[in-house]
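Dear colleague,

Here is the structure I promised to pass on. My notes on it follow below.

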Amino acid sequence: MSSVPRIFVAHDLQADEPVPLEEGQGKYLTRVMRLESGALVRVFNGRDGEWKAHVRQESGKRVSVIPETKTREQVKTPDLTLLFAPLKKTRTDFVVEKACELGVRRILPVMTERTQSNRVRTDRLQATVIEAAEQTERMDIPVVEESVSLTEALSAWDPSRPLYYCDEAGEAHPMATVLAETEFGPAGLLIGPEGGFSPTERHMLRKAPFIVPVTLGPRILRAETAVVSALTLWQALVGDWRDHPYLPETSNG
Ligand code: SAM
């Protein structure tokens, strides 16, 4: 993939319409990347595709980028929501970074009885996913919602969407088997905390009509491993890994 720096901006993107950068972004381009006026960058805003743009150093420390030509059309990321129980600090950062790379559209931290982290820094997580989206070359930014209780998450869930409940206790079908018979469409994945779901929660989950219990094999995975495994399975069997043109035109494969 191109080595030209890629940055997310909130502004609309139109040819020759300057986009003022936030101070941190301006510093990153001019100080860290040592780019001067006229240098090329790529910008995206999650709505207008990706544009080739050039840097313009304004008066003082202000920096703008001037979009020139659209180089990639806007594409939608699958309508997949990850519900996960926040983990201790860096492990939550890891979860949201991998969820961004693995193409979720929405991230919903859910507080369960055994969740060990009682506070979620949503602003920090949103900054993490922006950085991950820039790196992973995706065309949009996942939404990181404020944390809710598991009960609230279930009562607000759209019942037309399957919510795959990763149950480490194993009384369920393998996720791959369940997904093999599933059509592409909006869905959710639910992963529990380090201590797992409580018996009360498991009972509540299994009563919900939209819940689809699944297993991720015979071993107990750490929560962050379960997130990566479940998202990988969903994207590979149902999501946008299936029809991605992964073979270059010239391939003989
Ligand atoms: N109760 C165990 C514990 O105390 O360590 C397991 C919790 S596990 C670390 C965290 C979450 O990862 C579980 O709630 C579940 O959502 C998911 N998980 C881990 N291993 C799994 C498996 N083999 N099948 C399905 N889900 C799994």
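Tyr28 is part of helix 1, which spans residues 23-32. Please keep in mind that this is a predicted model. The relative accessibility of Tyr28 is 36%, so the residue counts as partly exposed, a class that runs between 20% and 50%. Together with Val32 and Met33, Tyr28 makes a nonpolar surface patch of about 270 Å².

**The ligand and its surroundings**

The shell around the ligand has 20 residues, and those that come nearest are Cys166, Glu194, Leu216, Arg219 and Leu221. Sorted by class, the shell holds 10 nonpolar, 5 polar and 5 charged residues. Two elements that each supply at least two residues of this shell are strand 13 (211-215) and helix 7 (223-237).

- Arg219: a backbone N or O atom is 2.7 Å from a nitrogen atom of the ligand.
- Gly192: a polar backbone atom lies 3.0 Å from an oxygen atom of the ligand.
- Glu168: an N or O atom of the side chain lies 3.0 Å from an oxygen atom of the ligand.

As for cover, the ligand on its own has 570 Å² of accessible area, and the protein covers 84% of that.

Best regards

Definitions and conventions:
Residues numbered from 1 in each chain as written. Predicted model: local features only at pLDDT ≥ 70, side-chain atom pairs only at ≥ 80, totals over all residues. Heavy atoms only, no water. Near = heavy atom within 4 Å. Polar contact = N/O pair within 3.5 Å; in protein donor to acceptor, adjacent residues only side chain to side chain. Areas by Shrake-Rupley, 256 points an atom, 1.4 Å probe, with all protein chains shown as cover. Helix = DSSP H or I, 4+ residues; strand = E, 2+ residues; numbered from the N terminus. Nonpolar A, V, L, I, M, F, W, Y, C, P; charged D, E, K, R; others polar. Patch = residues over 30% accessible without salt bridge, like charges linked within 9 Å, V, L, I, M, F, W, Y side chains within 5 Å. Salt bridge = Lys/Arg side-chain N within 4 Å of Asp/Glu carboxyl O. Buried < 20%, exposed > 50% of the residue type's maximum accessible area, 1.4 Å probe, protein only.
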